[in-house]
Amino acid sequence: MEERTRAYLRGRFRDHYRRTEITPPPAANEREWGFIPWTEGPDTTMVRHRSLLELGDLSEFLVRKRPRHVYFSAGRFRDPGASSMAAKDWQSADLVFDLDADHLPSVTLGEDSYAEMLAKCKDALLRLLDFLEDDFGFEDLEVVFSGGRGYHVHVRDESVLHLEREHRREIVDYVRGIGMEYEELIETETVAGLGRKTPTERRTLEIDGGWGKRTHDHLLAFVDDLLEMDEDDALDRLQEFDGFGEGKAQAALNAARNNREGIESGNVTVHTAISQLAERFASRAVERDNAPIDEPVTTDTNRLIRLPGSLHGGSGLETMRLERDAIADFDPLVDAVPETFTNHEITVDVSRGGEVELGGDSFTVTEGDQSLPEYVAVFLMARGRAEKEKE
Amino acid sequence: MQRLHARYPFLEAARDAVATEAVDLATVVEQDGAVVDRARERVVTAVEDGETGEPRREPRVELLSYPVARVLVSMIGERVLVRRYARAEAATAYERFAADFDDTTELKSVQSTDLDLETLLTEFDLTDAVQATADGYRVGVGTYLPLAEDQWGDEWRLVNRSLTDGDVPVTEDELRSLLREAVRGRIEDGLPFDVPDVIAASLEDEADEVREVLAELDLTREIDTVVPDLFPPCMKALLDDIQKGEHLPHHSRFAITAFLANIGMSTDEIVDLYRVNSTFGEDMTRYQTDHIRGDTSPTEYSTPSCATMQSYGDCVNKDDLCERIPHPMAYYEERIDDADDDDLEDWREGEGEGDDAEQSASGD
Ligand code: SF4
């Protein structure tokens, strides 16, 4: 990136910060702050270990420094400005989740467009929120569009702020379904046999919550599908499962027909074929429902996270807090375009053109000098695909 | 009250009682031989047997021996001692409160030395986080995670729990195990501390004895040779199963993993070894191995004893040596000792894996 481009972006970031009110995170003065200035070269050095006291008033600081990126720590410290982690004296940390298109198995890098990646990321976000709101019952959640390739969720419920790295890893594993063992979702009970029969074991899937419930939901939905099909289709469907031959498929279908209620209550002893189906749906539940969050972000209790309300220096988009009920309709490529950049066109020299979807429009950008809406120009410059044209 | 405190010396109230009982710990260690002797026994038995030994009849001796035992542990100051000691005290407390909870005799008087669940929950500030349900209890997830951290077994992992609305359902037995961990945390808390010289001076002999006991223990743990031919029959059989790709129940998987870690294999080596078996996920193996090793948890786990192996049905193909040893590690040590050093070929060398020099050479 050339100096005149940097100078332009610096100036426009400042204009943006002048007209924007930023709400700092709670306990802002107990957090470490960091930022990356607009400097030469691709390798960027972060200025960190700053306390808010050192930065001064946040809005005033942003106008003065108009940084490329701004971060604050998930952790709260007794002395956030100390230069070593030990001297900072950790007290607690928000529980933070990061969904990044780069880490989503459903995303094909280099093939999916930016818009497609972000859409897949939002699906994952909704799955994540399912876990956080229903399973974990969290109430103090802040959902943020990162300004780049994904979403962050900051959880600030009192009950989890003290958790350490290892405990947070358990939360990561839960959300991702790592280490889930079908056998552990089963409760075994010995029931007296009828008459002279010997006692038998009754095995029940735990259906009240957790992965047991998710497994059960998938199993039950499948069983209900089966019951609607005619015999041949149902048998074909069943035989698509590994290890399900004709006999086992028939047995499973019969069990589903005769004992749907048993299955609904989680009883997997109704037939071994049902038990085997349930086991397969446990893996399927993980495949379909897991939220592929980036583990280190959640487990690192000292992590720095991008400040909501600030601009992302790699896209020119705004890092935005989202109201819970606005998530469904949120379109990052329209809603996160800063108003500051929407009113006029500027001329840039594009080195790498292509399709750009932004601000509700789609642009086919060619290479060379041209006039573009400022937000498109800023996006391209921030991505290193264009330079400000020479004066 | 005194008896209750003697039985549960980690309670806040017991700490207060000590403060009134013994004006000055320095005087106690200097003059009260019975207290010092019981304190020494607490620590030595903790290291050797994972228990704290027979309580003394006299509540005062029993009660005062606890702070003195903490002094002893602090004088030596080693992590492994702190862990073992805290685990033993917690195990003892667990046995006692479990017995108290189960004690339903009508003869309970106000003066009872029994501890009830309420009191224990209050002691650890858990009354809000733990709620009784129709068939057990619900524990808030923020409370559950630290207390379950060190529990062994996949069933404790959050991912295998019916987490609903922020609560983890647990059975009564599980709640007791979680409380044991709460006790352990309380006991470990603040250990080791700085011991004033005047107090330390009177306890030098006792401290030396504990050091010796620890040293013996350390010797048995320093095997770093992997020769599968010399493995005890049980471990041979488990390793065989793994390599045949069989699915092992978690107690078996734990036993073999702990054994391999205890004889000096690194997490990476164990992961490599298990890779042939598709039912062993790499993440899981890594998690378990790190956990056993104590990297990801404050506790190191050791290989189960023969008695435990037997109770799980993992003791198979016993041979003559088996009759004479109490522990698979002891079996392996004897075989290693008997073998001629030159004949021992460490498996890892044979395969050229896990050797740092070779790895970096081939790593480019
Ligand atoms: S006696 Fe002990 S060492 Fe021998 S096979 Fe049984 S468990 Fe293993």
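**Conventions.** I number residues from 1 along each chain as its sequence is written, with chains lettered from A and ligands numbered from 1 in the order in which they are written. Since the model is predicted, local features need pLDDT of at least 70 and side-chain atom pairs count only at pLDDT 80 or more, while totals for chains, interfaces and linings use all residues.

**Entry 1, annotated sites in chain A.** I looked up the UniProt record, an unreviewed entry, which places the feature "active site" at D98(A), D100(A) and D294(A). These three span 197 residues in sequence, yet no two of their C-alpha atoms are more than 7.2 Å apart, so they gather at one spot. I note that UniProt positions are given in the numbering used here, that feature names are shortened, and that annotations may be inferred rather than shown by experiment.

I then took the residues one by one. D100(A) is found in strand β6 of chain A; helices (H or I, at least four residues) and strands (E, at least two) are DSSP runs, numbered from the N terminus. D100(A) is buried, with 20 other C-beta atoms within 10 Å, where buried means 20 or more such atoms, exposed 12 or fewer, and partly exposed in between, with C-beta atoms placed from the backbone. D294(A) has its place in the loop between α11 (272-289) and α12 (295-299) of chain A, and with 17 other C-beta atoms within 10 Å it is partly exposed.

For contacts I use C-beta atoms, placed from the backbone, that lie within 7 Å. Leaving aside neighbours within four places in sequence, D100(A) is in contact with R149(A), G150(A) and D294(A), and on the same terms D294(A) is in contact with D98(A), D100(A) and H103(A).

**Entry 2, the sheet that holds β6(A).** I traced an open sheet of 4 strands in chain A, in the order β6-β8-β7-β12 with antiparallel pairing; two strands pair if DSSP finds at least two bridges between them. β6 (95-100) and β12 (320-322) of chain A are the edge strands, each pairing on one side only, and the twist averages 25° from one strand to the next. Within this sheet, β7 (residues 141-145) and β8 (residues 150-155) of chain A pair in the antiparallel sense over 5 bridges, and V143(A) stands opposite V153(A) in β8(A). Helix α5 (residues 114-135) of chain A packs on the sheet, touching β6, β7 and β8 of chain A, and its direction makes about 15° with that of β8(A). Axes here are lines fitted to C-alpha atoms, for helices over the stretch in contact, and angles run from 0 to 180 degrees between N-to-C directions.

In the pair β1 (residues 33-36) and β3 (residues 69-73) of chain A, 4 bridges join the antiparallel strands, and F35(A) has V70(A) in β3(A) as its bridge partner.

I also checked β9 (residues 186-191) of chain A, which is hardly covered, the count of buried residues among its 6 residues being 0. This strand is joined by 6 bridges to β10 (residues 200-205) of chain A, in an antiparallel run.

**Entry 4, where chain B meets chain A.** I recorded 23 residues of chain B in contact with 25 residues of chain A. On the chain B side, α8 (141-148) and α15 (282-293) are the elements that give two or more residues, and the largest share, 4 residues, comes from α8(B). α8(B) is mostly covered, with 7 of its 8 residues buried, and what covers them includes α6 (165-176) of chain A together with β2 (136-140), β3 (167-170) and α9 (172-188) of chain B.

Which residues are around the ligand? I list P232(B), P233(B), C234(B), C306(B), M309(B), C315(B), K318(B), C322(B), P328(B) and Y331(B), taking a residue as near if its C-beta atom, placed from the backbone, lies within 6 Å. α12 (233-243), α16 (306-311) and α18 (328-338) of chain B each give two or more residues to this shell.

Key
Two residues are in contact if their C-beta atoms, placed from the backbone, lie within 7 Å.
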